[in-house]
Amino acid sequence: MKLFKSSLIALALASASSVYAESIAITNATVHTVTEQGTLTNATVVMDNGVITAINPKTVTADSTIDAQGKILTPGLIGSMNTLGLVEVSAVSRTRDASDKKADITFDASTAFNPKSAAIAYSRKGGITSNIVTPRGGESMFKGQAFIADLSGEFDSIVETNSAVLLNVGSKSKGSRALALQNLRNKLEDAKSALAKAKSEAKADKKKDAKEPKRDEKIINALLAGEKPLIAKADRATDILALIKLKQDFGLDLVIADAGDAVSVAKQIAEAKVPVIIATIDNLPSFDALHQSLKSATVLMDAGVTVAFKVNGDTHNLYQLRYDAGVAIANGVSKEQALAAVTANVADAFNYDAGRIAVGKKADLVLWSADPFELSSRVEKMWIDGVEHDTQSRQDALRDRYITESDMPRAYTK
């Protein structure tokens, strides 16, 4: 009996290995590379072991070949600044793991990530293959650590943890925004001084072991070293300028999210080479963002700012990322810019090696029925790490249940 079980396990492992090892060639595709190569027609893309291995090779050698029939192939879209996998039903507290009153800069919510969330399969329908998950944190201005997950729905779908530090500055219901910016500068100055002191002491006494920094100190040190990005949520132009000054003073890898009034200081953002992450449909004025409109993305891009798109909302809205990009296109953004804003620009902001169709890049690809930014288009095929995944979701199952003809009462099927 044990031998029989062992044989079954070995067979299962061999089968799993063969699936992941399979090489696939997609031929006759209109490939939007999101690289300097631009768009390639009648092109071939080969992937193997989760990586793109060739583009337009002289000879095609692959375990399987798919004729795209001229249809559009793009990198998988990348979501960001949401709680996918951490929140299932916003109104049910027991399904919310994105925040905690005591959460601080060390908060790592990835241990609560649920790859089997119904929202993940639903998001795949929108062409999303990976996502940067961002917790909401707690009372601290630091909301915790972002992490990257693919949307395979597998238990090993977390790609990277502690990939960015989240910061929230700006308007407050109680207190002053000035204190958050002041505390941030003080923290950075104190950490910089402590590092300099430690180096000086180590140089003076080489035998003396350096004191091990605390967890939060290690994270601040990583920011000072430019080893991980600081994602700062801010809307008001003066807050954005204050953050840019911090970047210049401390050498931070800064990314600004929300950025409602960024159009007012677009020139300064571009000169500082700070990318921004915005929701394209945010156009209602507020005390912190009097100038945002549906044309904000166009204004920022025209000024030379690198722009990434996020959805306006949270977990269950990620599906509409491509539609929101379409709104930006309708308001002056080119289709090439829009595609970069939901692929390569997101990846670059979080130092994630994806978002482009190029040799050596992660084989996250989507084959579309037509223009991905058109409402009527749909995902025909999707690959995550070179493995094909379907787009069937709970919504599809509910639809089928309610429209299936049966002798039983409506909505009941065997």
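Colleague: Why does threonine 315 count as buried?
Modeller: Its relative accessibility is 3%. Buried means under 20% relative accessible area, exposed means over 50%, and partly exposed lies in between (1.4 Å probe, protein chains only). The value of 3% is under the cut-off, so threonine 315 counts as buried.

Colleague: What kind of model is this, and how are its residues numbered?
Modeller: This is a predicted model, in which local features need pLDDT of at least 70, side-chain atom pairs count only at pLDDT 80 or more, and totals for chains, interfaces and linings use all residues. Residues are numbered from 1 along each chain as its sequence is written, and side-chain values use heavy atoms, with hydrogens and water left out.

Colleague: Where does threonine 315 lie, and what does its side chain meet?
Modeller: Threonine 315 is in the loop between strand 13 (307-310) and helix 8 (321-330); helices (H or I, at least four residues) and strands (E, at least two) are DSSP runs, numbered from the N terminus. Its side chain makes a polar contact of 3.0 Å with that of threonine 83. A polar contact is a pair of N or O atoms within 3.5 Å; within protein, one must be able to donate a hydrogen and the other to accept it, and residues adjacent in sequence count only if both atoms are side-chain atoms.

Colleague: Is aspartate 261 buried or exposed?
Modeller: Aspartate 261 has 8% relative accessibility and therefore counts as buried. Aspartate 261 sits in the loop between strand 11 (254-258) and helix 6 (266-272). The side chains of aspartate 261 and histidine 291 make a polar contact at 2.9 Å.

Colleague: What makes helix 3 roughly perpendicular to helix 4?
Modeller: Helix 3 (residues 177-204) and helix 4 (residues 215-224) pack at about 90 degrees, with axes 10 Å apart. Angles of 65 to 115 degrees count as roughly perpendicular, under 35 as roughly parallel, over 145 as roughly antiparallel and the rest as oblique. The pair is therefore roughly perpendicular. Axes are lines fitted to C-alpha atoms, for helices over the stretch in contact, and angles run from 0 to 180 degrees between N-to-C directions.

Colleague: Which residues of helix 3 and helix 4 make the contact?
Modeller: Lys187, Leu188, Ala191, Lys192 and Leu195 of helix 3 meet Ile220, Asn221 and Leu224 of helix 4, where contact means heavy atoms within 4.5 Å.

Colleague: How do you know that the span of helix 5 agrees with its 14 residues?
Modeller: The expected span is 1.5 Å times one less than the number of residues. For helix 5 (residues 237-250) it should be 20 Å, and the end C-alpha atoms are 20 Å apart, so the two agree. Just after helix 5, glycine 251 has a positive phi of about 70 degrees.
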